[in-house]
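Please have the viewer open as you read.

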Amino acid sequence: MKTLLAVVAVASLIARAADPLTLDPDMMEEAKRRVFGGEGYVQSNPAPDDKDSRPMTDVARWEAAMEAAGTEMHAVLLLALLQKLNPSKPMEAHAAAYAAALRLHEMAAAGNKEACLQLSMALSTGVLPCGLAVCADDRLAEKCRARAF
């Protein structure tokens, strides 16, 4: 224990000679790296990635959910989006509607032509056949319609 304290004391003297004393978290992390010869213990305010700094639009969320078709994430992403778009229709009170919406999306993702046409119409109007709101986007509607033929 005494050896560790001696090493820290010597290292802090060396670091102190080069830099002024500060409470700035970034500078403290840099000092820890120099003293302990590796990464610091705490990540201080990491810069967000460009991708993470921009919020996803509802259309982008829908596309991500459909790209995840065939995985566990498909249902999770889709239901999360539908809940966001339908705040007045909580899932526990409208479970059948959410199940119908999920079934329609799964069938469309599997290539069912009727489901693709229904989903295309819903994306044009912003309302699913079960009554839940969905993002309205003509580009997505056309994409679904093209998949049906």
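1. Let me begin with a cysteine. Cys135 is buried, with a relative accessible area of 7% (buried means under 20% relative accessible area, exposed over 50%, and partly exposed in between, using a 1.4 Å probe and protein chains only). Its sulfur lies 9.7 Å from the closest cysteine sulfur, the one in Cys144, which is too far for a bond. Cys144 is buried too, at 8% relative accessible area. For the sulfur of Cys144, the closest cysteine sulfur is in Cys116, 6.0 Å away and again too far for a bond. The structure holds zero disulfides, a disulfide being a pair of cysteine sulfur atoms within 2.5 Å.

2. A word on provenance before you go further. This is a predicted model, in which local features need pLDDT of at least 70 and side-chain atom pairs count only at pLDDT 80 or more, while totals for chains, interfaces and linings use all residues. Residues are numbered from 1 along each chain as its sequence is written, and side-chain values use heavy atoms, with hydrogens and water left out.

3. On confidence, the chain has a mean pLDDT of 82, and 70% of its residues reach 70 or more (pLDDT is the predictor's confidence in each residue, from 0 to 100). Which elements have the lowest and the highest mean pLDDT? The lowest belongs to helix α3 (residues 50-53), at 55, and the highest to helix α6 (residues 95-109), at 96.

4. The fold is quick to describe. The chain has eight helices and zero strands, so from the N terminus on its elements run α-α-α-α-α-α-α-α. Helices (H or I, at least four residues) and strands (E, at least two) are DSSP runs, numbered from the N terminus. Of the 149 residues in the chain, 26% are buried. Among contacts between residues at least 6 apart in sequence, 46% join residues at least 24 apart, where contact means heavy atoms within 4.5 Å.

5. Now to the charged pairs. Side chains of opposite charge can pair when their charged atoms come close. The structure holds five salt bridges, each being a side-chain nitrogen of Lys or Arg within 4 Å of a carboxyl oxygen of Asp or Glu. Asp58, Arg61 and Lys84 are linked in a network of them.

6. Asp58 is partly exposed at 22% relative accessible area, and Arg61 is partly exposed at 31%. Lys84 also forms a salt bridge with Asp58, its closest N and O atoms being 2.8 Å apart. Lys84 lies in helix α5 (residues 72-85) and Asp58 in helix α4, so this pair ties together parts that are 26 residues apart in sequence. Lys84 counts as partly exposed, at 46% relative accessibility.

7. Lys143 lies in helix α8 (residues 138-148) and Glu63 in helix α4, so the pair ties together parts that are 80 residues apart in sequence.

8. Met66 is buried, with a relative accessible area of 17%. Leaving aside neighbours within four places in sequence, Met66 is in contact with His74, His105, Ala109 and Leu119. Met66 and His105 are 39 residues apart along the chain, and their C-alpha atoms are separated by 7.7 Å.

9. Last, the surface. The chain exposes about 10,100 Å², of which carbon and sulfur atoms supply 61%; accessible areas come from the Shrake-Rupley method with a 1.4 Å probe, and for residues only the protein chains shown count as cover. Met73, Val76 and Leu77 make a nonpolar surface patch of about 240 Å². Patches are made of residues with over 30% relative accessible area and no salt bridge: like charges are joined within 9 Å, and nonpolar side chains (Val, Leu, Ile, Met, Phe, Trp, Tyr) within 5 Å. Met73 lies in helix α5 and is partly exposed, with a relative accessible area of 44%.
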